[in-house]
Amino acid sequence: MAQEDVAAANGATTAVEKAVTFTAYKPQLIVEAHKVGDAVAFYKAVFGAVETGRSLYPKRKADQELPHLVSSELELAGTTVVVSDVSDAKTGTMPAILETDDVEAAVAKAVAAGAVKVEEEVGGEGEGGVKGKVTDPFGFTWIFVAPAKKSEEEGNKEV
């Protein structure tokens, strides 16, 4: 039905034959040239990310001790995040929300590793409770939130 709606909206007379299925969402964090390794080390140390893949430049200069890391895939809180070297794109920020039982400890650990705490109002119960926000050394904003509490009356509440 969705395929027919898309085709009708585009003025087509026939329905789209094959549905498109997305199997994963992988946010990409783009960092300054030659800082992918530093960013990966930061995310592993602070957030407990696990590196599941990496790409290196195929050629390295003779004076370099280690090959230059182009990109890395990290497993973080059940999601794959890709950290990449800047190419034609600009570095930027993509806020990410990480749920944790200890927001204050998460903020403290990130700040101790070089992140900067961003002052923000603490949300009420309806807004997910305690929040903390930091900007890491590579310019990305991370928002820490406590899990939303469920009551027996509410069941699974969307936040």
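Of the 27 residues in the largest nonpolar core, those touching the most other members are Y43, F47, V83, W142 and F144; such a core is a set of buried Ala, Val, Leu, Ile, Met, Phe, Trp, Tyr and Cys residues joined through side-chain atoms within 4.5 Å, buried meaning under 20% relative accessible area with a 1.4 Å probe, protein chains only. The model is predicted: local features need pLDDT of at least 70 and side-chain atom pairs count only at pLDDT 80 or more, while totals for chains, interfaces and linings use all residues. Residues are numbered from 1 along each chain as its sequence is written, and side-chain values use heavy atoms, with hydrogens and water left out.

- At least two core residues each come from β1 (28–31), α2 (36–47), β3 (69–76), β4 (79–85), α3 and β8; helices (H or I, at least four residues) and strands (E, at least two) are DSSP runs numbered from the N terminus.
- Helix α2 gives the largest share, seven residues.
- Beyond its neighbours within four places in sequence, W142 has contacts (heavy atoms within 4.5 Å) that include L29, Y43, F47, L76 and L98.

**Strand β4**
- Six of the seven β4 residues are buried, so this strand is largely enclosed by the rest of the structure.
- β4 runs parallel to β1, joined by four bridges, and pairs with β3 in the antiparallel sense over six bridges; pairing requires at least two DSSP bridges between two strands.
- Q28 stands opposite V82, and E75 has T80 as its bridge partner.

**Four-stranded sheet**
- An open sheet with mixed pairing has the order β5-β8-β7-β6.
- β5 (96–99) and β6 (116–117) are at the edges, each with a single partner strand, so one side of each lacks a neighbour in the sheet.

Key. Buried < 20%, exposed > 50% of the residue type's maximum accessible area, 1.4 Å probe, protein only.
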